[in-house]
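Visitor: Please take me through this one, question by question.

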Amino acid sequence: MRRNIYLPEGSGPLLPEELSLPFLREAMQQQTILSGTAIRCDGRRDLHFRLGPYDAIMPRWEAVHPSISGSERDIAVLSRVGKESYFTIKSIQIDAAGRPKLLLSRRAAQEQAIDWLLDNAPPGTVLPARVTHLASFGAFVDLGCGVISMIPLEYLSVSRISHSRDRFREDQPIYVLLRSLDWDTMRIQLSHRELLGTWEENAARFQIGQTVTGIVRSVEDYGMFVELVLSGHLRDH
């Protein structure tokens, strides 16, 4: 597994317990990844945060990567309310009352994470990820700072499954295999299947006559497909 310094959102806070203006100014200069939870989204689709004693705002265009557009962008912005987001500080302004106001960018953090992947993760790299959404056609995962990609259903399991929830649960930390990454098209192709072992490797864990627990994955006219369980772990067959 390649150590990715850009963690999936929700992996934990990236702020000290006590925030000071000098710390925030240095974080802005260094473009350090920080974290916080949006407390509301206004009518302009800007997100509002409270970082310690300081008010912060994340404009709509800084909340998601430009590869997401149209109505999907609004949904992506609204979905951040109440959830931990990773971001950088773009600017610190002082208002008429002398109070600092921070301008945040989740998009800049995502671009840092993608640049890291391009420089450090060739095809075949195993990366940590976090499951964000489960669908009938695959599982969506966060590779770091909210960079989302999908693992197609056929790449989730060696065994036959009908839905991604047969393999994962939402918010579950997992490992993924990077198949390819194209910055120009923003296509990130992932797989989990190769990390489960081959049929021969899994079959070697069982003995003839052994009694084990199984999960019925599908029923056909000619029989059933069953996924076997050994020592509390699913083994694909």
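## A helix, a barrel and one alanine

Visitor: Which residues of α4 are buried?
Guide: Helices are DSSP runs of H or I with at least four residues, strands are E runs of at least two, and both are numbered from the N terminus. Buried means under 20% relative accessible area, exposed over 50%, partly exposed in between (1.4 Å probe, protein chains only). An α-helix has 3.6 residues a turn, so residues three or four places apart point the same way. In α4, the buried ones are Arg106, Ala108, Ala109, Gln110, Gln112, Ala113, Ile114, Trp116 and Leu117.

Visitor: What pLDDT do side-chain atom pairs need to count?
Guide: Residues are numbered from 1 along each chain as its sequence is written, and side-chain values use heavy atoms, without hydrogens or water. This is a predicted model: totals for chains, interfaces and linings use all residues, local features need pLDDT of at least 70, and side-chain atom pairs need pLDDT 80 or more.

Visitor: What do the buried residues of α4 pack against?
Guide: Contact here means heavy atoms within 4.5 Å. The helix, residues 106-120, lies across β3, β4 and β5. Its buried residues pack against β3, α2 (60-63), β4, β5, β6 (126-135) and β9 (173-182).

Visitor: Which backbone nitrogen does Ser105 reach at the start of α4?
Guide: The atom on the Ser105 side is a side-chain oxygen.

Visitor: In what order do the barrel strands run?
Guide: Two strands pair if DSSP finds at least two bridges between them. Strand β2 (residues 47-51) and β3 run antiparallel, joined by 5 bridges. Pairing in the closed barrel of 5 strands is mixed, and the order is β1-β2-β3-β5-β4.

Visitor: Why does Ala56 count as buried?
Guide: Ala56 is found in strand β3, residues 54-58. Phe49 stands opposite Ala56. Beyond four places in sequence, Ala56 is in contact with Leu47, His48, Phe49, Leu51, Leu102 and Leu104. Ala56 counts as buried because its relative accessibility is 2%.

Visitor: What separates the C-alpha atoms of Ala56 and Leu102?
Guide: Along the chain, Ala56 and Leu102 are 46 residues apart.

Visitor: How many disulfides does the structure hold?
Guide: A disulfide is a pair of cysteine sulfur atoms within 2.5 Å. Cys41 is partly exposed at 22% relative accessible area, whereas Cys145 is buried at 1%. The disulfide count is 0.

Technical notes. Axes are lines fitted to C-alpha atoms, for helices over the stretch in contact, and angles run from 0 to 180 degrees between N-to-C directions. A polar contact is a pair of N or O atoms within 3.5 Å; within protein, one must be able to donate a hydrogen and the other to accept it, and residues adjacent in sequence count only if both atoms are side-chain atoms.
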